[in-house]
Amino acid sequence: MIQKSTRLDNVFYEIRGPIFEKAMDLEKQGYRITRLNIGNPAPFGFDAPDEIVHDMIVNLRNAQGYTDSKGIFAARKAVMHYAQSKHIQDVTVEDIIIGNGVSELILMAMQALLNPDDEILIPSPDYPLWTAAVNLSGGKAVHYVCDEASDWYPDLADIESKITPRTKGLVLINPNNPTGAVYPSEVLDAIVRLAERHQLIVFSDEIYDKILYDGTVHHSTAALSNEVLFLTFGGLSKNYRAAGFRAGWVIISGKKHVAKSYIEGLNALASMRLCSNAPAQFAIQTALGGYQSINDLVLPSGRLHKQREVCYEKLTAIPGITCVKPTGAFYMFPKIDTRKFNIVSDEKLVLDLLIDQHVLLVQGSGFNWKQPDHFRVVYLPTVEELTTTLDKLRQFLADYDQS
Ligand code: PLP
């Protein structure tokens, strides 16, 4: 028997896990599955802006060869300007690495840093790639709680209580996947002060930073201090609906002078994978400098905003379900009354719903949430489809009892 590496023992990515595979099996059998499980805008009719696609096509011949490992100059320069527009100080093109999406850069950031048992503080719930990347890199993911009763903001006391001499850094996901929370500057400021006191690296995943509702303003964490090292992550997958192009970046800022060795490690990993997907790199400058069509989608008249309203109204009208209304991204993380439905396993709940109604969600535990009382909904489908699907969920729960 050929065994997988033990390095993968604690590496999970439930968004594409066994329940997802079951859904794919059902699709092969001819069933139509409504996918409220993956944050992939294109299949729901959210096209990437034409000018981005056009630029990739025009530049295809220029993109035949390997590029600089850290990315083409034009893309890095555009990201540098973007960093400046978000008030991140002292960033040059050398402080930017372009990757095959943020996913690759998260893995590189952890692999370049961690030694066995080094700890990284990660939110619970989280986007699970963060936990998986820490575990794969031989580190230890320590989860801090985000507090549902406080609009899902990070619980500072919990963070502080979990810092040990082995804590190397802290992850923030803002706007958040799966809760949709966007953190106000006071919350970020308090976290940055804590990072300064304990000299923690701050990894700020800001891939949804343009998907904001109700006039919410996004603040880049890295703008708040020069006294800690920041790695800020962004990309084209969500703001520009171009997830398949695989284009992301990391901006290194703040206390760079104490991190020469770590930065060398990051550059070494970037060199080892030669370069990121070159055609997509040519789209970055156009995307960042062009018309920001995402703004139209999040206005009250826009598709994403309307879908958020319907999703929230439909979900919270179901007896036994409550939800904090998100102000960013395109996810909701509702709470389900486990006593009412005798729920002991959120995985079983999601599987039962899939088999019964052909609706695919992801269980809260897939986001490193410890109780079986949450699930994530992706509200990318149309208002009509969300309405039908959430009616099915209501119908399913009307007589659901897991005992
Ligand atoms: N970070 C967060 C919070 C995400 O939700 C996702 C994708 O869903 C990613 C990173 C990965 O994005 P990319 O497509 O750039 O690899």
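A residue counts as near a molecule if one of its heavy atoms lies within 4 Å of it. Now the ground rules. This is a predicted model, where local features need pLDDT of at least 70 and side-chain atom pairs count only at 80 or more, while totals for chains, interfaces and linings use all residues. Residues are numbered from 1 along each chain as its sequence is written, and side-chain values use heavy atoms, without hydrogens and water.

The ligand, then. Around the ligand are G101, V102, S103, Y127, I173, N177, D205, I207, Y208, S237, K238 and R246. That shell holds five nonpolar, four polar and three charged residues. Nonpolar here means Ala, Val, Leu, Ile, Met, Phe, Trp, Tyr, Cys and Pro; charged means Asp, Glu, Lys and Arg; the others, Gly among them, are polar.

Polar contacts next: pairs of N or O atoms within 3.5 Å. A polar backbone atom of V102 is 2.6 Å from a ligand oxygen. For N177, a polar side-chain atom lies 2.7 Å from an oxygen of the ligand. R246 also places a polar side-chain atom 2.7 Å from a ligand oxygen. What share of the ligand does the protein bury? Of the 400 Å² that the ligand exposes alone, 94%, by Shrake-Rupley with a 1.4 Å probe.

Last, the second largest cavity. A cavity is a set of points on a 1 Å grid over the protein atoms alone where a 1.4 Å probe fits but cannot get out; lining residues have an atom within 4 Å of a point. Its lining has nine nonpolar, no polar and no charged residues. Among them are I336, F375 and L397.

Key. Polar contact = N/O pair within 3.5 Å; in protein donor to acceptor, adjacent residues only side chain to side chain. 1 Å grid on protein atoms, 1.4 Å probe; cavity = no way out; pocket = protein on both sides within 12 Å on 5 of 7 lines; lining within 4 Å.
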